[in-house]
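Subject: Handover of a structure

Dear colleague,

Please find below the structure that I am passing on to you.

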Amino acid sequence: MLTKTNTSWNTNLYEDKHAFVFKYGEDLISLLNPQAGERILDLGCGTGHLTHQISLTGARVTGIDSSAAMIEKASAIFPDIDFRVMSATDFDFDEMFDAVFSNAVLHWVLDKEKAVDCITRNLRTGGRLILEMGGKGNVEEIVVNTRKVLTRHGYYHNAARQLWYFPSLGEYTSLLEKKGYRINYASHFDRPTELKDTENGIKDWIKMFGSAFFDNIPQEHIEPVLEEIQEAVRPTNFRNHKWYGNYKRLRIEAIKQ
Ligand code: BEZ
């Protein structure tokens, strides 16, 4: 079974096999450097683990996510935190935030201008935007081979789907500068990410994150296609008996002027 539709995530598979998403994000909290009493927005909070860690510093943190399933789970695990279902391109709060924090989310937001405008509207002048997202070249072998295999099987519309936006450092920092930010820190770096399942690591990853590539494909055709994709990336994504996602991250600290 594929695990994400446009509106629902398999939060159990996320917590079980893809916890690296928030584990790696812990490091980003150091860059955020939250202070007690600060008002912080965790944009795309998922199941709320990083939101919780930020809250432990005494910051007043709110987590938002467009997935109702994620917010339901986050609220169940951390009932004392303010979590809300809201889209990254359409949110407004009465009070401005001192910082907006976003880990592994903005590559899902194809309307990047709208997302940055929304963040800017809700961030005080002098406030900081701390983000990490997939950058240019991120999981490239998986994306390229998913498109190739789908095309080979005649699923041209599926192959052409744009699920993610992986900008270069220059592209994203230029966008932020255009929107009135000063870039304090920016980096584009490799982070080979070990996938948990040594047999089906790539297939599981695609089921978790890339299921929209398989919309409307008959269930019985999906498994063989996934198998072909996994084999196609074996030379680049399998080493020392483990599967890896060849992640390339953008990490940015930007200050609203
Ligand atoms: C990422 O964190 O780089 C990522 C996660 C899911 C899909 C695509 C990219």
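**Leucine 195 and its surroundings**

Leaving aside its neighbours within four places in sequence, leucine 195 is in contact (heavy atoms within 4.5 Å) with Phe20, Gly201, Ile202, Trp205, Trp243, Tyr244 and Gly245. This is a predicted model, in which local features need pLDDT of at least 70 and side-chain atom pairs count only at pLDDT 80 or more, while totals for chains, interfaces and linings use all residues. Residues are numbered from 1 along each chain as its sequence is written, and side-chain values use heavy atoms, with hydrogens and water left out.

Leucine 195 is found in the loop between β6 and α9; helices (H or I, at least four residues) and strands (E, at least two) are DSSP runs, numbered from the N terminus. Is leucine 195 buried or exposed? Leucine 195 counts as buried because its relative accessibility is 3%. Here buried means under 20% relative accessible area, exposed means over 50%, and partly exposed is in between, with a 1.4 Å probe and protein chains only.

**The ligand**

Which residues surround the ligand? They are Ala104, His107, Trp108, Asn138, Trp164, Phe166, Trp205, Phe209, Tyr247 and Arg249, where a residue is near a molecule if one of its heavy atoms lies within 4 Å of it. An oxygen atom of the ligand is 2.7 Å from an N or O atom in the side chain of asparagine 138. For arginine 249, the distance from a side-chain N or O atom to an oxygen atom of the ligand is 2.6 Å. Taken alone, the ligand exposes 260 Å², and the protein buries 98% of that; these areas come from the Shrake-Rupley method with a 1.4 Å probe. Two or more residues of the shell come from each of α9 (201-209) and β8 (242-256).

**The nonpolar cores**

A nonpolar core is a set of buried Ala, Val, Leu, Ile, Met, Phe, Trp, Tyr and Cys residues joined through side-chain atoms within 4.5 Å. The largest nonpolar core has 27 residues, and those that touch the most other members are Leu150, Trp164, Ile202, Trp205, Ile206, Phe209 and Phe214. At least two residues of this core are supplied by each of α6 (140-152), α9, α10 (219-232) and β8. Which element gives the most to this core? It is α9, with five residues. Apart from this core lies another, of 26 residues, among them Leu106, Leu123, Tyr172 and Leu250.

In helix α5 (residues 112-121), the buried residues are Ala115, Val116, Cys118, Ile119 and Thr120. Their cover includes β1 (39-43), β4 (97-103), β5 (123-134), α8 (169-178), β6 (181-194) and β8.

Most residues other than glycine have a negative phi. Asparagine 33, in the loop between α2 (20-32) and β1, has a positive phi, near 50 degrees. Asparagine 33 is partly exposed, with a relative accessible area of 47%. Histidine 241 also has a positive phi, near 65 degrees, and is found in the loop between β7 (238-239) and β8. With a relative accessible area of 67%, histidine 241 is exposed.

Glycine 37 lies in the loop between α2 and β1. Not counting residues up to four places away in sequence, glycine 37 touches Gly58, Ala59 and Arg60. Glycine 37 and arginine 60 are 23 residues apart in sequence and 5.9 Å apart in space, C-alpha to C-alpha.

Yours sincerely

Methods: Polar contact = N/O pair within 3.5 Å; in protein donor to acceptor, adjacent residues only side chain to side chain.
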